[in-house]
Amino acid sequence: MIKICVLISLSACSDQTKWDSFKDYMKDGEIMYTGKLDSVKVFSGNERVRFSTRLPADPKVTKIKVLWNDGKESAEYDVDIERIWAEWAMEGGSGRPLFEVYTPIEEGVHSFTLYTYDALGVASVPVHVTGRSYGQRYQDAISNKNVNNIVRLRNGDVQIDWFPFDTSLGAIALEVNYISQNGEEQQFLTDVREDRTIVPDVIEDEEEAKITYRTLFKPNANAVDTFYTGYNTVSAAPVFFWNLVAPYDRIANDGRWGILAEWITNDAAKNINGFGGHDTRTGQGLLSFEAGWGTANIVNGKIYQTAVLPAGRYKIDIDFVRNHASNDDGTNNLIYALVAEGAGLPNAIDVPSSALAYSNLLFINPEQYRMQSFELELTEEKEVSFGFVANLTSTSDQFFNVRLIKFEKIEE
């Protein structure tokens with residue numbers, strides 16, 4: 001049998017009339033049976049529950065007993081009811097004083113019976129309630145949110161895009177920890193339902209630019225304890241190229257069509273009244289080439305950025321979609337993702353012979369998004385340009401859209 005004695009401290013306000021009423025209740029002598037508890041509520045916790053109830057106006061009550069598991073287990077709590085009522089009246093509490101206490105209990109659904117007792121052991125009428133505690137089974141069922149993509153922004157912030165996440169088990173928040181530019185440890189909570197989180201002013205040092213996060217859960221809205229997943233650690237890798245994830249930023253637009261920020265877009269790619277390279281038709285804001293539907297053909301359209309890369313191995317992932325032209329022959333229609341030495345890209349027909357690394361994106365009927373990857377290896381630091389070059393000159397209407405690019409240095 002579990003026996004727990006607690007000293008209950010309850011808040012109340014100054015209203016002498018309530019204490020006087022309680023003394024009037026006592027003046028005619030003992031009551032034959034102790035008064036029962038009222039408005040009993042059970043709140044879930046981590047291998048414990050919290051009972052909240054109103055105490056009776058019975059001066060004989062000295063103890064509260066809780067039983068469960070068919071009476072095989074119990075907990076007892078001493079109650080100094082005169083002191084509680086006096087403090088409640090002095091502090092202006094309305095109605096009956098509130099009694100709250102935590103009871104350790106194994107995980108599961110439990111039926112509870114509560115009694116009050118006087119000093120002679122006379123019990124009240126029982127009160128029956130049901131409650132649930134949570135523990136290791138619940139802890140094992142919850143999981144951390146997963147990162148889909150992480151990228152450092154120009155202003156020093158880090159952008160984290162999350163995979164879709166099921167909150168039905170009670171996920172309530174994300175806790176994010178990192179080191180800021182001034183070297184101070186930072187922590188904040190953010191909405192677990194958001195698809196994107198901006199972590200502000202993250203330190204740039206590659207070793208210290210690690211972000212740890214965990215997901216917080218409450219099994220129900222009134223639970224008294226919070227459960228936590230373990231920490232995951234992610235790192236904003238060094239950034240060599242910018243504006244790589246939809247919605248892509250743009251510096252100019254004319255309705256649907258625009259010009260990408262950070263990227264160099266040549267005139268051949270701006271084939272729609274001087275605009276091109278950025279398309280908002282899907283509502284996302286994508287990197288884009290398009291020809292047909294009354295627009296001009298594209299011959300050696302180029303969209304690229306230039307940067308100095310240190311020696312090492314790099315992996316480039318392109319998440320893209322394009323429609324199929326009826327007369328794709330590898331000449332009229334060419335789409336390459338590539339890395340070339342120096343400031344600028346070769347013409348489409350020269351890519352296989354002059355690029356440092358490339359991928360031919362001219363697939364048959366890829367009318368859904370797919371990920372294509374290729375690698376680059378540099379034996380020394382080198383200025384390179386990364387981007388896309390396209391010929392779209394067939395008679396068919398064609399488009400090419402990119403919604404995600406990852407350009408990452410591979411750890412040796």
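**Reading the model**

Reply: Helices (H or I, at least four residues) and strands (E, at least two) are DSSP runs, numbered from the N terminus. Residues are numbered from 1 along each chain as its sequence is written, and side-chain values use heavy atoms, with hydrogens and water left out. The model is predicted: local features need pLDDT of at least 70 and side-chain atom pairs count only at pLDDT 80 or more, while totals for chains, interfaces and linings use all residues.

Me: Which residues of helix α2 are buried?

Reply: The general idea is that an α-helix has 3.6 residues a turn, so residues three or four places apart point the same way. Buried means under 20% relative accessible area, exposed over 50%, and partly exposed in between (1.4 Å probe, protein chains only). In α2, which spans residues 81-90, the buried ones are I81, I84, W85, A86, W88 and A89.

Me: In what order do the four strands of the open sheet come?

Reply: Strands of a sheet pair through backbone hydrogen bonds, either parallel or antiparallel. Two strands count as paired if DSSP finds at least two bridges between them. Here the order is β5-β4-β7-β8, with antiparallel pairing. At the edges are β5 (73-78) and β8 (127-133), each pairing on one side only. Between β4 (residues 61-68) and β5 there are six bridges, and K63 is placed opposite D78 of β5.

Me: How many residues lie between β9 and β10 in their hairpin?

Reply: Five residues separate the two strands, and G156 in the turn has a positive phi of about 95 degrees. β9 (residues 147-152) and β10 (residues 158-162) run antiparallel, joined by five bridges. R152 faces V158 in β10. Five of the six residues of β9 are buried.

Me: Is T229 buried or exposed?

Reply: T229 sits in the loop between β15 (227-228) and β16 (232-235). With a relative accessible area of 8%, T229 counts as buried.

Me: What is T229 in contact with, apart from its neighbours within four places in sequence?

Reply: Contact means heavy atoms within 4.5 Å. The partners of T229 are Q139, I142, S143, N144, R214, T215 and F217.
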